[in-house]
Amino acid sequence: MNMITDKKKATRFILLLTSAYMVSYIARINYGAVISEMVRAEQLSKSALSVALTGSFVSYGLGQIISGFFGDRIQPKKLVLGGFAVTACMNLLIVFCKNPVQTAVVWTVNGMAQAFMWPPMVRLMSELLTPEDYRRACVVVSWGSSAGTVLVYLISPLLISLSGWRAVFVFAAAAAALMACLWTVCCPNVSAAPECGAGSGSLAGIRPLINFPMLSVMVGIILMGVLRDGVTTWMPSLVSESFGIAEEISILSGVLLPLFGMVCFAGASSLYRRVFRDPVTCAGVIFAAGFAAALTLVFIVGKNAAVSVLSSALLTGCMHGVNLMLICMVPQYFAKYGNVSLISGILNSGTYIGSALSAYGTAAVTEAGGWGVTAAVWAVCCAVGTVLLLTCAKSWRAKYDTPVPASEEHRCE
């Protein structure tokens, strides 16, 4: 299919991608949203139930690389459709799990299925959208993750009060099944694989990642994953345990996190376009803002519920901004190698290395030292991310000063 140059058609396509990404989040982060209620209802420890989160993050991270590789070789529409079909089944199956081991196995499979969403979507955007629409799509589609998170944190307390935590997974399964049908009807096809480009259809395209600035970016992505998903997953527990607030209300407080995320997506995009012009410097500055929020949380946690929630929301919002820079904007700098999907998958896998570390690590640190120690760990992660990215920014600019949009570079005359 040719590039979509008509603005109305491009907007409809971007809205389809946004809806798909939103539903994928509903069927993925719902476990984290209800884990505190699962701990209470099933009389299990946070550590036991967090194994499923760790398994999901590990399989999702590994799956990003697999999905990225096949996203450059196989019709991306089919990969996304398969991901929705499997994630619908896993969300339904978890309702029947009897112990943490079964839950961990099912949710690990769900993580792998979810991995077949983002890299193929990046391939679709790079093949079908103009450079201007690609940048616009990065922001709007990213809003889908925040919208999905808002829906999960709004609907989960209601479903829990009506039918228990299992109803949240039934709802997510139904949403994924409906999205699979819509995707089948509305998503356009692209060629099976790019026919030009230095790294097309091979692993050669990852060579530009093996250098100091890109390794620094990868570490920054891992730290972002630790913070974004660690705070998002455990903030309801932080609020509930620190201030004695009911689980349903503490889950509802999680709505603030994605709302701040949507604002920070727009703010980070504006900062990138108008001030810094390169994503690494921009991400380093946003990490610094996250450090200020985390440091505030260190001194206020357990003392003021409203400020604790606000600081957590600001911290995760900053990490969403870092995610936009390093996961969405960076891949376009490598489009000339013909492996946009693969490189996108590799970079995104770093997020879920961090997520896997945070899923079990946050629970373990909190059980050992309390939420004050956990907040201090988050502040240290922000500080390291700030220093690392700002230190390598000059090297980044020297090596990757001019991005080559995939929609231009990948096309054979």
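## Briefing on a predicted helical model

T103 touches Y31, A52, I94 and C97, leaving aside residues up to four places away in sequence; contact here means heavy atoms within 4.5 Å. The model is predicted: local features need pLDDT of at least 70, side-chain atom pairs count only at pLDDT 80 or more, and totals for chains, interfaces and linings use all residues. Residues are numbered from 1 along each chain as its sequence is written, and side-chain values use heavy atoms, with hydrogens and water left out.

**The protein overall**

- The protein has 16 helices and 0 strands. Both are DSSP runs numbered from the N terminus, where helices are H or I with at least four residues and strands are E with at least two.
- Of the 413 residues of the protein, 59% count as buried. Buried means under 20% relative accessible area, exposed means over 50%, and partly exposed lies in between, using a 1.4 Å probe and protein chains only.
- The accessible surface of the protein is about 15000 Å², and 68% of that belongs to carbon and sulfur atoms. Accessible areas come from the Shrake-Rupley method with a 1.4 Å probe, and for residues only the protein chains shown count as cover.
- Among contacts between residues at least 6 apart in sequence, 86% join residues at least 24 apart.

- T103 lies in helix α5, which covers residues 100–114. T103 counts as buried because its relative accessibility is 7%.
- Two packed helices are described by the angle between their axes and the distance between the axes.
- Helix α3 (residues 46–71) packs with α5 at an angle of about 25 degrees, and their axes are 7 Å apart. Axes are lines fitted to C-alpha atoms, for helices over the stretch in contact, and angles run from 0 to 180 degrees between N-to-C directions.
- That angle makes α3 roughly parallel to α5. Angles under 35 degrees count as roughly parallel, over 145 as roughly antiparallel, 65 to 115 as roughly perpendicular and the rest as oblique.
- The crossing of α3 and α5 is right-handed. A crossing is right-handed if the near helix is turned clockwise from the far one by less than a right angle, and left-handed if anticlockwise.
- On the α3 side, the contact is made by A48, V51, A52, G55, S56, S59, Y60, G63 and I66. On the α5 side, the residues are P100, T103, A104, W107, T108, G111, M112 and Q114.
- By class, the contact of α3 with α5 has 9 nonpolar, 8 polar and no charged residues. Ala, Val, Leu, Ile, Met, Phe, Trp, Tyr, Cys and Pro count as nonpolar, Asp, Glu, Lys and Arg as charged, and the others, Gly among them, as polar.

**The packing of α4 with α5**

- Helix α4 (residues 76–93) packs with α5 at an angle of about 160 degrees, with their axes 8 Å apart. That makes α4 roughly antiparallel to α5.
- α4 passes α5 in a left-handed crossing.
- In α4, the residues G83, V86, T87, M90, N91 and L93 meet V106, W107, V109, N110, A113 and Q114 in α5. This contact of α4 with α5 has 7 nonpolar, 5 polar and no charged residues.

- D133 is found in helix α7, residues 131–163. D133 counts as buried because its relative accessible area is 1%.
- Not counting residues up to four places away in sequence, D133 touches I4, K7, A10 and I14.
- Y153 is also placed in α7, and Y153 is buried with a relative accessible area of 1%.
- Y153 and I26 are 127 residues apart in sequence, and their C-alpha atoms are 9.5 Å apart in space.
- The axes of helix α6 (residues 118–128) and α7 come within 10 Å and cross at roughly 150 degrees. That makes α6 roughly antiparallel to α7.
- The crossing of α6 and α7 is right-handed.
- W118, V122, M125 and S126 of α6 meet Y134, A137 and V141 of α7. These residues divide into 6 nonpolar, 1 polar and no charged.

**T296 in helix α12**

- T296 has its place in helix α12, residues 279–300. T296 counts as partly exposed because its relative accessibility is 36%.
- Apart from residues up to four places away in sequence, T296 touches V307 and S311.
- T296 and V307 are 11 residues apart along the chain, and their C-alpha atoms are separated by 8.6 Å.
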